[in-house]
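Take a moment with the sequence and the 3D view. Then follow the text from single residues out to whole chains.

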Amino acid sequence: MKMKKITIILLLAVLLSGCNDDFLDRAPLSEISPENSFNTAADLELYTNSFYNDLSGFGGIIENDNLSDNVLFNGVPREQTGDRLIPAEAGSGGWSWGDLRKINIFFENFERCTDEAAKIEYSGVAYFFRALFYYNKLKRFGDVPWYETPIGTGDTDLLLKPRDSRVFITQKIIEDLDKAIENLNTDQSSDRVNRWTALALKARVCLFEGTFRKYHGGQGADELINLAELAAKRVIDESPYKIYSTGNPNTDYRDLFASNDAIDDEIMLTRRYSLNLDVINSINYYFTSPTQSDVGLTKSIVDTYLLDSGLPFTSQSGYESFDFLQESQNRDPRMSQTIRTPGYTRIGGSSSVLPDFSASISGYQIAKFVNDESQDGFQAGYQDLPIFRYAEVLLIFAEAKAELGTLAQADLDISINVLRARVGMPGLNISAANSIPDPMLQARYSNVSGPNVGVILEIRRERRVELVLEGFRYDDLMRWKNGKLLEEYFKGMYFSGLGQFDLDGNGSFDLELFQGSPVFSTPQTLEIGGVITLSNGTNGNLIPFADRTKNFDESKDYLYPIPFGDIQLNPNLTQNPNWD
Amino acid sequence: MEIKFIYCCSLIRKQLPLFIMKTFIFLLCTSLFSFNSIDGFSQQKIKIKEDKIVSVDEVFRIITKQSNFSFIYPEELFETSPKIELKKGVFELKKLLDYTLSSSNVNFKLSENNVIIIEERNSLQNKQNNQGIPITGTVSDQNGQPLPGANILEKGTFNGTQSDFDGNFSLDVANENSILVISYLGFTTQEISLNGKSVINVKLIENTASLDEVVVVGYGTVKKENLTGAVESISSRQIENNIGPNTSQILQGVAPNLNITLDNGGINEEANINIRGVGSINGGNPLILIDGVQGNLDRINPRDIASISVLKDAASASIYGARAAFGVILVSTKNARSGNITINYNTNYGWSSPTIRTDNFITDGLDWARLSDKLSLLENTSTYLGYTQEDYDYLEARRLDPTLPSVLIKDVNGAERYIHYGNTDWWNTLFSDQQLSAEHNLSLSGGTDKMNFYLSGRYYKRDGIYKINKDKLNTYTIRAKIEAKPYKWLNIGNSINVYKKDYSEPATNTRRVSGSDNSEDWRKYTFHAAPLYLPRNPDGSLIIQGAYTNNRDIADGTFADILNGKSRAEENDFEVFNTTSVAIKLAKGLEIKGDYSFRNRNQSEWVRIISTPFTNQPNGEGVALYKENTQIYKELERRTLYQAINAYADYTFHPLKDHTFSALVGFNQEWNTFKRNIASRNGNLSENLNSFNLATGDNIFLNSTEEEWAIRAGFFRFKYNFLNKYLIEFNGRFDLSSRFPVDNRLGLFPSTSVAWKLSEENFWSKIKPYIGTLKLRGSFGSLGNQNIGAYDYISTMDVRQSNYISDGSRINYLSTPDPVSSNFTWETSETLDFGFDISAFKNRFTTTFDWFRRDIKDMLTQGAQLPSVFGATEPQENAADLRTKGFELSVNWNDQFNAGNKPFNYRIGFILGDSRTHITKFDNPNGDFQQFYVGQEIGEIWGYTVEGFFETDDEYLSHADQTRVNERIQNNYLINHPVAGDIKFSDLDGDGEITSGDRTLDNPGDLRRIGNTNARYNYGITLGADYAGFDLNVFAQGIMQRDWNPGTDNGFFWGPFARQYQNFYPKSIESNSWSPDNPNAYFPRLAVYAERGGPYEGAQLGVNSDKYLQNAAYLRIKNITLGYTLPENLSDKLHVTSLRLYATGTNLFTFSPIYKNNPDRTVDPEQLGNGNDYPFTKTYVFGLDVKL
């Protein structure tokens, strides 16, 4: 029985040894709590790095132009048909707030950091991203609630807060941006925000809101436009950026966008892609594959490109019925660097290729951003995409001064004319522009008035041409109160009728337009009468989706609706006008 | 004088396996006593006052009261003896005893002091006492395991004996044509005619339905007749015919409401297990214990299983407290057997093929191309394939003259390129329908009464579905059990299980190598691989991009990767699971037990993806590497160390006659650490070797996750048994879990259960011959659920790698801390259970029924929805309740008769289980049915009602506006409105528009509840028979009701309605689609992208609708096994104890209403979802069982 006792004692000993008190306290082993972070410069950097995930990629940059009159694609967006739906689910349709919470958690915690320089620098980053967040909300919804602290589950006052006015929001954005401008460094790194990107954003926001108020009616437009001008001017005067130019007007513009690595001279902030790091995009695929959106430029923007003489293309008589070869002659060199025109060769290619009508519904197939053939596959592209570029700052500067009525020739010479010089175009002359405003543009932007009409219109032309496919056009139409332009049926290339066409004038037929079934055996065929019709019935410009209703209701469509679910959850949240 | 029971066999404990118990009774009783005879014994008279049926013990009590005799005998000697029917009257003591003991195999002797000693008869005595014909033989179970202590009785006499350790017996019988009756507890009694034979070898068939069975319950065992809770017991016999890669797969359909489902048919797939339906909305799985310690079913050898108990109600499970909210599965592994060493060897070989008909896809290039073009042009201005009229002419010509070359060279886009005109059956090119498997099992067992051992090993090997660059599974299992009894009061054991698995498979560029997910994306196999393309170009080079379609890659490059064979992946799993246990008998009825276990698991995986060279040009031109960015080498490692201590004491005592109490108290603690490391780097230098030394790229990914948890608990059980008629049991446990904040850590989970053996009451005596047992049971109790993350109550941040590139590398960032709730504690589950057990017609018929109601309370769920400005998912709170109600029924019939002088055994079994779950509390006042709402039945499907098809192109103008459900048509097709052949939906709310309203109960628009995804009425049918060495088992399993919306990407069901570029279209899809000539077809007019949008908006086939809801009920013949055991004389010649040959077919036939709309049988009713996954298989196996 001694054995028995020993055994029992041993057993009890084993059991009791397991009974230490901290047995059940198990803290996380590979995660940290917010209380243990935000202490060092490295902590702040790591946390603010998460903000960069919110920057737009392909969708927000290139695809955004699909909403506008720059692009025709295989479908008609609801922004143009007038049947946008009120999103049902709370948090959908752009009404998402996670990115703001992330930023406000930074503000709640960063003061703990002991490194004063880091606090300044990274709070600058946070101010920048909060301003960017609210700028996007402002553009989309107008009035939105302002928050600068993270919201707790019990913060009923904050959760059920009504919307703040867009005037207040703009004020707050500017305050944030002023802190960002003050705090951020001046290192010229195109994948990090710095003082210059903050200034560029301030210029962008102020021009947007300033012109929005000017054209839609509202107080303080000029003050904002003036702030835009000052911010832009500071970038021009103080920053190291310049317009990329190697003296090759026929390739520089295209190379800027087809460069695998962003050209830091001009690109102020970029979304980078890399084959080696397996961060890839489908840009070439999007523009060259017949199963994607079949995007192409509209006739409206193609007509906007000036002749290389500096005269409007539309000043030529009969321009409406120029064929593709004819309209491609003697144009602003940016046109042949933006779409495939006769003689176009792919980067790295040796022979010229024509537009592929199966990959471009308008016939004006995109060349801007398109790289060499090796990047054509789905998710095989890896060139960087621009988010902020210096050219925009120049355009803001000129537009702001023109709208304020303070524009001088010297201002144009340091802005618009720098852009024109890159592509070998004659400069814009303020008095010439103002003396004979282009009637085509005047018809388009009929609400522009005053002594500077001519030059404002030319600056708008320049902006549209220079920034096409970079995601600005829809916002521009909204702030200029030109939503009605979206009601037009956008046109594509002009054809004199059915039959065969020699697109590049080399003597052989390249394309047959047919009804029913093709008669000839040309390399490309295009059916007329299905999706695509001709504007005059048997001849004219290609018009896809002519049977769709197009409608832009100015009383509501300048803003997006707030999700129904959120209005249910917060009775103090009001819907945008006329969306009920 | 007081009645005096003497327990001469205090070592007998209920939890010891039956045969050991028998052996001990036998041993001790024969060695302890010698007997004298005393005169005058028979003169004693005993008066019986009324007719009654009593137990043997009861008779002794009556005798003791009326005489000065007392009895001595082993306590449990008469537990299995039949009841005695006593008539009113006065009887001689001797005669009464003779009568009482006639059916028991015992002798009685009168000893000094008027003590009557009763002992079991043994063979030696019988030999000496009888002068007859000597018969010898062995008794074994159907596996050939000897059964020591089986009763062998010469029919019509008291002449009998018991088998010894090795199952051997010898008996002298009076007549060479005598009949022997051989019985053993838990087995069907057999009668054997001698017919002049002197050697009789008997195999007893286990009587699975018998109520005498001993059932393993939490921290103990109990006789099935004394169960008070809802416990289902599965014997090894019920699963031994089921052959499969792992244990979970072979348990499907075996027990009611033990629901086992597989996500796919992968050879490496572990099944999902669920008891009694939906657990919490947060999921939650049954607790699985292997010999009392948490483990994984799939890492033990199915043939090591002795029995499985499924604890379903709270009363049975509550001793496991916080982890047992959704039931407990107790697996007991086979124990060592004392006696001669027995060796069993089992092997089988088989092959498997998909259950879906993979030959029913369109493989004709021309047919496929025409269909694809037709669909492309509905939504695009160009065809998808880009083949020209000239190409079509050639395809036509080739159809007439197949000798024309299948590939031509043409000048396309400035280069000579191959144009393919093939009819490739891609499925059968890449996938095999003869997936071979082999299994070997060897076990040894033996020992003495002081020490015994069990040793087994299993090797299972299976080839997977890939025909080229095969996937292979190899698993190895070793189990060693040793038990030592150095003293009578001490029992020490150790059991170790070693598991190793190697799974090697091909990989492709689309493998999801990010994070911890390594799975292959089967969806990619169905993209773009037109039958027109041949697997290779004529010069042997691989083709990924066709000449015309350089942007649409054949199967997204996956097929070429498989054909190239350089990309592979491998998973290795290695686990050692050891349990050391001690049992000490402290005093009579008091025993303490303790065990310590550890489970150490190491899993490692590697993936190597090598870009495949491809071209569509001849002469080695244009060769490029496919998707170089995906080329990578990756390793993943997981380490788990789990440890557990159990210690408990068990005390049984009888303070008063007719009253038995037993009590158990115990302590349990468990702790677990888990660590995972993931590393990957691109720039592989070698196509064959796996090392980070050979990867040089800049894309480096490192991640590690580590977590631990601990629980500590105390538990108790208190049982009371009065007159063996009324039983009551209390169980309880308190748990402390590290997964909750300190203040909310403690959970207390009590339960109670009662049972009434109605059939033991006197009034039952008339019914008893027919219905031998009727027991009513009831229980109620509560359990906890701690199936949540280890640190869910703490707000944390971790470092992640971004897609944002700065300074030449992907930046790291800290994640945003999630909001957490301060109020965060246990979910509890309360179960009310009523049931009954019946056995009738001499145990031939048995049935068990249980009704239950399970309330899950305080479920952790997202708190009330907050306005989106909150900016995060609402933190979890204990805020929701649900209720599950259901029942389970099992019915068994077991019988035997003699046919041609040989016993014919047969059995029929039927099980049925069902459950439905409703939400009883959830903060959703608007009744938004995209969330849970009060009253919602889990699984309900909301959808539209289909009226039919539009008959004309203009009809839509006079019908309700279908913009929302026809968004795809509206925006993407070249006609922008529904036309003839499109689906016409009913405008239920009459508002002139087909909408989903607010998606709330008050305003559901045109939606209604159209079905439920819950699998209802799970059933299983077993048929078995043995005769003349043959055994046949048929097992069918199915569900009676289930609705299924085919996954929107399910090309096997939708064909080109899903995507015009999926390559596995069912052949019948076009003929089943609407056309002016076929206006009553099942599908609407052909169109692509059925899947776009959501369940309520988007595409007409993508939204839920009553017409396209499938009835996924099925009946599946899971298993048919035919075996033949060689007759003894033949096996003797082979020098083996027994030899059985068998053939098994698994998943042979499937019946389902789903095939009505899928006549090509390209979907499997068990494999729902989008179908793009490893297909289920049917298997044919041939095997052999040998015992040495």
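Two residues are in contact when they have heavy atoms within 4.5 Å. Before that rule is put to work, some ground rules. This is a predicted model, in which local features need pLDDT of at least 70 and side-chain atom pairs count only at pLDDT 80 or more, while totals for chains, interfaces and linings use all residues. Residues are numbered from 1 along each chain as its sequence is written, chains are lettered from A and ligands numbered from 1 in the order in which they are written, and side-chain values use heavy atoms, with hydrogens and water left out.

Start with B:Tyr99. This residue lies in helix α3 (residues 93-101) of chain B. Helices and strands here are DSSP runs, numbered from the N terminus: a helix is H or I with at least four residues, a strand is E with at least two. Which residues does B:Tyr99 touch, leaving aside its neighbours within four places in sequence? They are B:Ile84, B:Glu85 and B:Leu86. B:Ile234 sits 135 residues from B:Tyr99 along the chain, and their C-alpha atoms are separated by 37 Å.

Next comes accessibility. A residue is buried under 20% relative accessible area, exposed over 50%, and partly exposed in between (1.4 Å probe, protein chains only). B:Tyr99 has a value of 42%, so it is partly exposed.

Now turn to B:Ser915, in strand β46 (residues 902-921) of chain B. Its relative accessibility is 6%, so it counts as buried. Setting aside neighbours within four places in sequence, B:Ser915 has contacts that include B:Arg276, B:Phe852, B:Thr884 and B:Arg1016.

Charged side chains come next. Side chains of opposite charge can pair when their charged atoms come close. A salt bridge here is a side-chain nitrogen of Lys or Arg within 4 Å of a carboxyl oxygen of Asp or Glu. How many salt bridges does a search of the whole structure find over all chains? The search finds 109.

One of them joins A:Glu45 to A:Arg192, with the closest N and O atoms 3.8 Å apart. The partners are 147 residues apart, and the pair links distant parts of the chain. A:Glu45 is in helix α2 (residues 41-49) of chain A, while A:Arg192 is in the loop between α8 (166-183) and α9 (195-216). A:Glu45 is partly exposed because its relative accessibility is 32%. A:Arg192 is buried, at 19%.

In chain B, look at B:Asp855. Its side chain meets B:Arg853 in a salt bridge of 3.5 Å, N to O. The side chain of B:Asp855 also meets B:Arg883, at 2.7 Å. This second pair links distant parts of the chain: B:Asp855 is in strand β44 (residues 845-862) and B:Arg883 in strand β45 (residues 876-899), 28 residues apart. Is B:Asp855 buried or exposed? B:Asp855 is buried, with a relative accessible area of 6%. B:Arg853 is partly exposed at 22%, and B:Arg883 is partly exposed at 28%.

Step back to chain A. There are 23 helices and ten strands in it. Its C-alpha trace spans about 115 × 60 × 50 Å along its principal axes. Of its 580 residues, 60% count as buried. Take the contacts in chain A with a separation of 6 or more: residues 24 or more positions apart account for 70% of them.

Finally, see where the two chains meet. The size of an interface is often given as the accessible area lost when the parts come together. Buried area is that loss (1.4 Å probe), summed over both parts. Chain B and chain A bury about 7,700 Å² between them, 58% of it on carbon and sulfur atoms. The contact takes 90 residues from chain B and 92 residues from chain A. Three salt bridges cross this interface. B:Glu708 forms a salt bridge with A:Arg26, the closest N and O atoms being 3.6 Å apart. On the side of chain B that touches chain A, the largest share comes from β37(B), with nine residues. The residues of that side divide into 38 nonpolar, 32 polar and 20 charged. In this count, Ala, Val, Leu, Ile, Met, Phe, Trp, Tyr, Cys and Pro are nonpolar, Asp, Glu, Lys and Arg are charged, and the others, Gly among them, are polar.

How values were computed:
Buried area = accessible area lost by both parts, 1.4 Å probe.
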